[in-house]
Amino acid sequence: MAIRRGARRRRGHVVAAAAAGFLVVTAAAALLAPWIAPHSPTRQQIARRLTPPAWAGGGWEHLLGTDQLGRDIASRILYGTRVSLGVALVAVTLAGATGTALGVVAGYYGGGIERLLTRLADVQLAFPLTLLVITLIALLGPGLGNVIAAMALGGWAAYFRMARAQVLSLRDAEYVLAARCLGIPDARIAFRHVLPNALSPLVVLASFSVAQVIILESALSFLGLGVQPPIPTWGAMLADSRDYLAIAWWLAAFPGLALMLTVLAINLLGDWLRDLLDPRLVV
Amino acid sequence: MSTVQRIAALVAFVLLWTTLGAGTSAPPAAAQDPNRLVVGIGSIPNTPDPHLDSTANALPAYATLFEKLVATDGKGGFRGVLARSWRQVDPTTWEFVLHSGVRFHNGMSLTAEDVKFTIERILDPATRSPWLGRISAIERVEVTGPLTFRIVTRGPFAPLLQGLTVVDILPAAYFQERGPAGFAAAPVGTGPFVFGEWHRQDRMVVRANLGYWRGRPRLDEVVFRAIPEDSTRVAGLETGELDVGVLVPPEQVDRLKARGLQLGTVNLGQGMVVNLRSNVPGPLQQRKVRQALNYAVDKEAILQSILRGHGRILNGQVVGPDAFGHNPNLKPYPYDLSRARRLLAEAGLGGGFEVTFHGTIGRYTKDKEIEELVIGQLAEIGVRARLEIVEGGVYIQRHIARTLGPLWIWAWQYFPAMDADLPLNFFTCAGVGNFFCSRDFDELFAQSRREMDPVRRRALLQRVALLVREEAPVIFLVQTPGIYAAQKRVKGFAWRPDYLMDLHRVEVGPR
Amino acid sequence: MAGYVARRLLDAALGVLGVTTIAFLAIRLSGDPVALLITEYATPEDIARVRRTLGLDQPLWVQYARFLADALRGDFGESLRFIKPAAPLVYSAMPATVQLAAAALLVALAVALPLGMVAGVRRGSAIDGVAIVLATLGQSMPYFWLGILLIMVFAVRLQWLPAFGSESWRHLILPAVTLAMTPMARIARIVRSGMVEVLTQDYIRTAHAKGLRASAVVVRHAMPNLAIPLVTLLALDFGTLLGGAVVTETIFAWPGVGRLVVQAIQSRDYPVVQAVVFYLATAVVLINLTLDVIYARLDPRVRYG
């Protein structure tokens, strides 16, 4: 039994390692885009529009073919990785940091602040994230910064709620009481001693959010509310490709593949993390 | 059974019940019935009341139920629809005679009182009719007999008939009896079809008007389906769920043809341009810069590569040859980069400049790709345009508030009147949302509005067009194509430059 | 219990008030709806007149007071786009979306329950790996993308199902499957991890030891324990589903709330937006309240705190 369980766990590790490996490669590609991209992602060569990928007769100049304006798809995907992943990471970090900080404060101190923030979070969680983000973008206007801001604003409440719940369950733990008796300042206790022990579900939540935000960005592009063109994002490339599905499959296939594999890898990694840290977690 | 099981059962029951039962109603409106035409279009009217929605997509559906006094004849003139004849009594007074024997769908005869009521309703600000601006020059309507009336304008106003091409005549007595909400629930007009059903954001159904005064239509029923997504509309054509679909993306044409559908393209009365804000300080104040931008854009590339040959290059004016006042002697700005660079250098901007370009996604045919292409081409002469997409809902608002630009994509609509007066009105110094100001232009344009003789008015508008080409207040691009497809069994369908469809004569054969 | 419910109801009312107020302010700050009502051919005087008839020339707080007074009577004003009272407009759009969401949840449950159970029972096996990857794959595709693909394959290529519309149950299948993907993956995960946890409990081992068949153990003993997290998830997914409905309804020309509200937001049709926000917030708050009360009944450890 014990041996078999070990084998299973190892298999889980293998999947997670593969996912992590894929993500590392993706991230590296994103970071190195300016050096490894064969072309500028925005350079148009209208005469070479809709060139098929190299193995489908398009020639090696454009490995994955060109899009409807003759831009190199491989380069656009590489640069798109930067934007799509970047948007997701920044938005989730902002949302996570804000939500967690507020949650720790609310959970540790309680009182009026807690009631106010909890009410605010409840109000916000009553609203579907997609609708909230669409509304915020209607207010702020589309664009890279605004998309990030809208997603961060729309996302903090989940972290707040979870962080607060975690801190509430730890607030009266013996080591916290001990720290308090030693006269350590509250803020230090809250962030140095309580938070690290409450962190694991938050990390799991964040990993799933990254995937969710990438998908959400593509929905925004579909609705015409996403990051400004000509900046490439996977979502925008996919949204633009839908008129060309029947005549130029490569416009949709490669950004779609990049997006799906990345989101899949993130989700699998999140699963693994959760299994490792706390299998009962509902995220 | 435990509580848990009861709850699980309850959840399952509720889900099943809502899935199967509590849904939508209505019999399937598929394209099976041989005498029913199903038309796929981006949206249907927001309300069956034709005075309250001016969206282009609403116009074909309204035109099945309602009729106007006059319509354009496709040759720069007008033909009577409900009006049998008209003449001008003096510079501010027009006299109309209605056809006799025209009946509304409820059996009432059309009289001059109905016309008076209709025009006054649109002019009443409380109605909130989007058409108000088109006929606001009308001061009053005087009924002079059962079928005769006079329209009096505030000052001489040449484009009166143009304004009347948007005015759907409603039955006064019926409307007053029902009230606006009652009328919208059961609208009545004089058109070839009578109202059937209207389902918000879904479909509008009209049925043959057997007593139509110009003979009953050949179809028994027309269903307008609101399908916002282009690829879904094309799929509906491929599966046969739609008999007719409009605004087909240019890339899909070959595929639909291969499937045996009939395809047609009409150049819609809508000139796509990049507006240039030249009435505020900046590089665009110089005419040479505006001209340079025109030389720098390859219109042919837009037409051939993005629109795949559908549409028509604007030859240095905002309207096409289908508009009254079009100047056939003008040439488009050729694509000439060295000339563009020279002009920029002469303007002291040899190094180019940075500028904001406001664009849209999905507002106009292929708008995003055209924006990206134009920006890529401007970069060739050192004009670094930064694209900012503005959400569709606020685009007109920002245009009017003058917060777009200095460069922004725009399509100047001139349907249904098909007259250059309509767009040019906005190039005056006092125009709504104005972005360009020239005394010469204003003077010439005002003259055209006072000129009652069509021949002289046309000549004046052509002189205006020449002036506009030289001043280059916009980058002239293309007249946008309206591509449509119809199943083989559909006979006699055509989409018109004024966005309307002659469904009266359409026939549908057996599948 | 009654006191607890009363306090929660008060909280709920305050929450709804808060949401509606924020929505009111946000919409008013986001731009002037009048320009959307008239063509570009309207003169400034026309615009001013329309503004007066709508009361938009009043100070913001007057507009707000009027809005609240009307909203309390269920009157959110007239839709600027549809020229009809906003509240009934929203009501009339709800059945279509509820139907779509319910069908999506059914599809999700029908696939995810067995998938998650098998994966959980055979944890670590190849089946488990395939099940989880499959479930996750569905979640990794944008709705619009999946929807278009389904149309291309099942409507255009195979001609099995209609491409758009909402007339019959056949029209429901493709949009429901599109919308089902996200909850499917989440449900499969929950079921799987719930299974794993339950199967290691002592009473399950006892049941096994008593000689009960494995399937009987799963159905009779393990499933009931999954009910609570599952119901929670279904309730939470209500919001996710509505978000997904925005895109799904657009693709499939489904005349529901999602499309109504997105277009309302984009065209600044604020009476409709406010009505949707109000009903949505009320629904979510009531669902949460019901859940909490159910938990309290199911699990004596939950106190009416």
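**Figure 1. The contact between chain A and chain B in a predicted model.** The contact takes 20 residues from chain A and 21 residues from chain B; two residues are in contact if their C-beta atoms, placed from the backbone, lie within 7 Å. On the side of chain B that touches chain A, helix H7 (230-239), helix H10 (299-306), helix H12 (367-379) and strand S15 (383-389) each supply at least two residues. Helices (H or I, at least four residues) and strands (E, at least two) are DSSP runs, numbered from the N terminus. H12(B) gives the largest share of this side, 5 residues. Residues are numbered from 1 along each chain as its sequence is written, and chains are lettered from A and ligands numbered from 1 in the order in which they are written.

**Figure 2. Helix H16 of chain B, residues 454-471.** This helix has 18 residues and reaches 25 Å from its first C-alpha to its last, close to the 26 Å expected at 1.5 Å a residue; the expected span is 1.5 Å times one less than the number of residues. Among the buried residues of H16(B) are B:Arg457, B:Leu460, B:Val464 and B:Val468. A residue is buried if 20 or more other C-beta atoms lie within 10 Å of its own, exposed if 12 or fewer, and partly exposed in between, with C-beta atoms placed from the backbone. The buried residues of H16(B) pack against helix H14 (421-424) and helix H15 (439-450) of chain B. Just after H16(B), B:Ala472 has a positive phi of about 50°.

**Figure 3. Strands S8, S9 and S10 of chain B.** S8(B) (residues 193-199) and S9(B) (residues 203-208) run antiparallel and are joined by 6 bridges; two strands pair if DSSP finds at least two bridges between them. B:Glu197 stands opposite B:Val205 in S9(B). The two strands form a hairpin with 3 residues between them, and B:Gln201 in the turn takes a positive phi of about 55°. S9(B) also pairs with S10(B) (residues 221-226) in the antiparallel sense, over 5 bridges. Here B:Val206 stands opposite B:Val222 in S10(B).

**Figure 4. Residues 22-31 of chain B, where pLDDT stays under 50.** The model has 25 contacts beyond four places in sequence for this stretch. Chain B averages a pLDDT of 91, and 94% of its residues score at least 70.

How values were computed. Predicted model: local features only at pLDDT ≥ 70, side-chain atom pairs only at ≥ 80, totals over all residues. pLDDT = per-residue confidence, 0-100.
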